[in-house]
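Here is a short note to read alongside the model. Please keep the structure open and follow the points in order.

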Amino acid sequence: MPTLTTASSKGVLTGAHFLDGDQAACEGALAAGANFVAGYPITPSTEIVERFASRIPTVGGVFLQMEDELASSIAIVGAAWGGAKVFTVTSGPGFSLMMEHLGYAAMTETPLVLVDVQRGGPSTGLPTLPGQGDMMQARWGSHGDYEVIALCPNSPQECFDLMIDAFNLAEEYRTPVLLMMDESVGHMTEKVVIPSPDKISIYPRRYTSLPPAEYLPFRAGADGIPEMVKAGDGYRIHVTGLTHDEKGYPAMNWKEQKKLVGRLVSKIRDNAERIARWEEHEMQDADVVMVAYGITSRVAQRAMQLARAEGLRVGLLRPIVAWPFPEKRIRELAQRVHSFLVVEMNYGQMFYEVERLAAGHARTELLGHGGGMVHEPEEILQALREAAQ
Amino acid sequence: MSTLTQINPVEPFLRTDRMPHIWCPGCGIGTTVNCFARALVESKLPLDKVALVSGIGCTGRVAGYVNLDSFHTTHGRAIPFATGLKLANPALNVVVYSGDGDLISIGGNHFIHAARRNVDITVICVNNFIYGMTGGQVAPTTPLGAVASTSPYGCYEHAFNLPFLAESSGAVYVARWTAFHVRHIAHSMVEAIKKKGFSFIEILAPCPTLFQRRNKMGDGLDTMRQYKQRSVIKNGAHTREVDIDLQGEIVVGKFVDIERPTLQQSMEQQLRQTLRDQYAGMGGA
């Protein structure tokens with residue numbers, strides 16, 4: 001495992017700022033050392049690339065506005081193999097177009113970050129209004145089997161912090177990492193504290209130290225993750241989205257499929273407990289546990305206060321890393337709580353995960369809608385009263 | 001006693017451990033790869049600094065056979081991948097090598113935009129007039145009247161004239177040859193790789209299995225004979241006038257060779273002019 005380094009001072013705007021989530025996400029990427037973005041405008045994510053386009057020429061790097069999301073999502077893969085640290089951003093319709101390259105990045109083990117500022121869908125839906133309907137698309141949206149890592153900030157500060165974490169996870173696991181924001185978090189303005197560069201840990205790219213004659217680009221180490229090189233370094237690598245062997249050569253048979261795709265899945269699944277991250281509130285005596293993430297978790301917190309004032313023993317579990325999901329913790333809680341209430345801006349996505357993990361030990365209810373506005377604390381309170389029955 | 005060994009001069013450029021290749025007997029793609037290897041020899045470029053990017057399809061498999069940093073990307077997206085690779089690592093000579101269906105149909109939008117931006121890459125398009133890998137379907141390059149598996153009664157859509165499309169989109173170097181013109185191809189490849197900006201070479205190539213057979217045009221050798229008879233070299237011809245039909249004259253040659261600032265040059269000039277000493281450069285690898 002490479003030694004962690006600290007951020008370069010070039011891109012870090014140390015100090016206290018008043019930023020919206022989109023701007024904070026951009027600053028997080030710059031702090032993490034991102035130096036190449038290919039983007040395509042789409043509401044409500046555009047402010048991230050606008051800020052990057054304005055900031056990167058004085059930091060050192062490239063911003064390119066592409067002709068569509070297919071182009072932007074593959075240009076960053078090309079740039080990553082050229083040695084750059086890359087991300088792109090989008091929302092609903094663009095996220096659908098990027099699914100092909102989410103799969104290509106997973107298959108070629110290309111470290112990159114893909115930001116989806118979620119709006120109401122399906123299709124063009126509600127471009128300027130929030131939604132959380134892409135959570136399962138983040139997990140399953142590209143064809144075939146793979147595992148992703150997806151993070152879910154609920155404040156501009158977390159947009160900054162989790163963007164850095166997203167880059168570090170992408171480098172550590174050599175995989176695309178998703179930052180699943182929502183329109184409300186993206187456009188909400190709050191205080192964001194950016195630490196000094198020496199306080200920001202950076203996971204460097206896992207470049208090999210082997211000479212070309214001994215190097216195989218897709219031979220995994222003991223941790224299931226291969227070392228990388230970049231084009232132009234004399235290794236003459238071949239990279240393909242076809243099923244490939246350790247050399248990177250196409251291998252059209254079930255044995256190599258099992259070996260490669262099995263590894264792509266297990267390098268995340270075997271580390272799921274390490275990657276999963278969540279926050280708990282008032283859990284010690286909770287009978288009813290709310291599960292909520294992103295902007296919805298902020299409303300849920302208010303609803304929890306109202307419920308507690310009525311004497312209802314309500315707790316809140318907020319996944320910070322959405323995928324991998326905090327499976328073990330939900331299973332534990334299911335053994336002792338009365339019910340779960342999943343509050344999300346969709347008609348049931350994370351709900352099914354909680355229901356599966358509760359496995360009949362605790363009742364699981366959904367309070368969902370298709371987006372357009374955040375939940376009202378009072379409607380959550382009413383659902384909590386019913387869940388406590 | 002001396003030992004004689006035969007060394008194929010293009011062998012160092014190929015991943016011989018991947019042979020035999022997948023292409024059919026009489027296919028023109030291998031011929032163009034041979035030309036490409038010879039062009040690399042002639043260009044004297046350090047091979048570690050040449051990267052090849054392909055899309056999907058029969059020609060898309062070229063990336064798997066060349067002994068270079070090589071990327072077999074997604075269908076139609078070789079050009080934007082190459083754009084990212086080039087701008088992240090400007091020291092690389094980036095060559096896109098793919099087929100007509102990949103580059104011009106599904107990838108058509110990227111083709112025109114990369115030419116417009118004048119990205120400093122070379123695009124080599126092997127045009128066999130159909131989709132080969134999937135079994136010979138009609139393509140945006142299929143000549144009027146030609147039979148394909150999805151135009152069984154003859155193609156009734158007008159085809160793209162690729163040199164005209166490339167030039168009008170902004171390419172600074174445009175040439176067309178057939179697989180018969182091996183020396184011309186290699187020479188054009190050297191010029192195109194050395195050219196600063198978006199350079200484009202169309203190479204007409206036989207697909208005896210799926211195009212020539214269905215259109216009763218004989219085998220690979222017959223097609224070469226036809227290329228020889230039907231081709232007319234017209235360097236500098238107006239690209240508007242180089243349309244291809246099923247039977248008539250095929251105009252080949254170097255049509256465009258002009259100077260225009262590349263994307264990188266324009267980007268750096270604009271940012272330096274506006275930001276002056278605050279401009280921190282491209283941060284390349």
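1. Domains of chain A. Domain bounds here come from an automatic or database domain assignment. For chain A, that assignment gives domain 1 (5-202) and domain 2 (280-388). Their centres, taken over C-alpha atoms, are 27 Å apart.

2. Ground rules. This is a predicted model: local features need pLDDT of at least 70, side-chain atom pairs count only at pLDDT 80 or more, and totals for chains, interfaces and linings use all residues. Residues are numbered from 1 along each chain as its sequence is written, while chains are lettered from A and ligands numbered from 1 in the order in which they are written.

3. Where the domains meet. Two residues are in contact if their C-beta atoms, placed from the backbone, lie within 7 Å. On that basis, 21 residues of domain 1 of chain A touch 22 residues of domain 2 of chain A. Helices (H or I, at least four residues) and strands (E, at least two) are DSSP runs, numbered from the N terminus. On the domain 1 side, two or more residues come from each of β7 (126-130), α5 (135-140), β8 (149-151), β9 (176-182) and α7 (183-187) of chain A. α5(A) gives the most, four residues. By class, this side has 13 nonpolar, six polar and two charged residues. Ala, Val, Leu, Ile, Met, Phe, Trp, Tyr, Cys and Pro count as nonpolar, Asp, Glu, Lys and Arg as charged, and the others, Gly among them, as polar.

4. The sheet in chain A. Five strands form an open sheet in the order β13-β15-β14-β17-β18 (chain A), with mixed pairing. β13 (278-281) and β18 (363-368) of chain A are at the edges with a single partner strand each, so one side of each has no neighbour in the sheet. The average twist from one strand to the next is 20 degrees. Strands pair if DSSP finds at least two bridges between them. β14 (residues 288-291) and β15 (residues 314-319) of chain A pair in the parallel sense over four bridges. There, V288(A) has V314(A) as its bridge partner in β15(A).

5. Helices on that sheet. α10 (residues 295-309) of chain A packs on the sheet and touches β13, β14, β15 and β17 (339-344) of chain A. The direction of α10 makes about 170 degrees with that of β15(A). Axes are lines fitted to C-alpha atoms, for helices over the stretch in contact, and angles run from 0 to 180 degrees between N-to-C directions. α12 (residues 350-358) of chain A also packs on the sheet, touching β14, β17 and β18 of chain A. Its direction makes about 165 degrees with that of β17(A).

6. A hairpin in chain A. Two bridges join β6 (residues 112-120) of chain A to β7(A), and these strands run antiparallel. R119(A) has P130(A) as its bridge partner in β7(A). Five residues lie between the strands of this hairpin, and S123(A) in the turn has a positive phi of about 55 degrees.

7. Chain A against chain B. How many residues of chain A are in contact with chain B? The count is 41, against 38 residues of chain B. The largest share of the chain A side, nine residues, comes from α3(A). That side divides into 23 nonpolar, 13 polar and five charged residues.

8. An open sheet of nine strands runs β12(A)-β2(B)-β1(B)-β3(B)-β4(B)-β8(B)-β7(B)-β10(B)-β9(B), with mixed pairing. Its edge strands are β12 of chain A and β9 (231-233) of chain B. β12(A) and β2 (residues 69-72) of chain B pair in the parallel sense over three bridges. V239(A) stands opposite F71(B) in β2(B).

9. Two helices in chain B. The axes of α1 (residues 29-43) and α6 (residues 182-194) of chain B come within 8 Å and cross at roughly 50 degrees. α1(B) and α6(B) are therefore oblique to each other. The angle classes are under 35 degrees for roughly parallel, over 145 for roughly antiparallel, 65 to 115 for roughly perpendicular, and the rest for oblique. The contact includes C35(B) and F36(B) of α1(B), and I185(B) and M189(B) of α6(B). Its residues divide into nine nonpolar, three polar and three charged.
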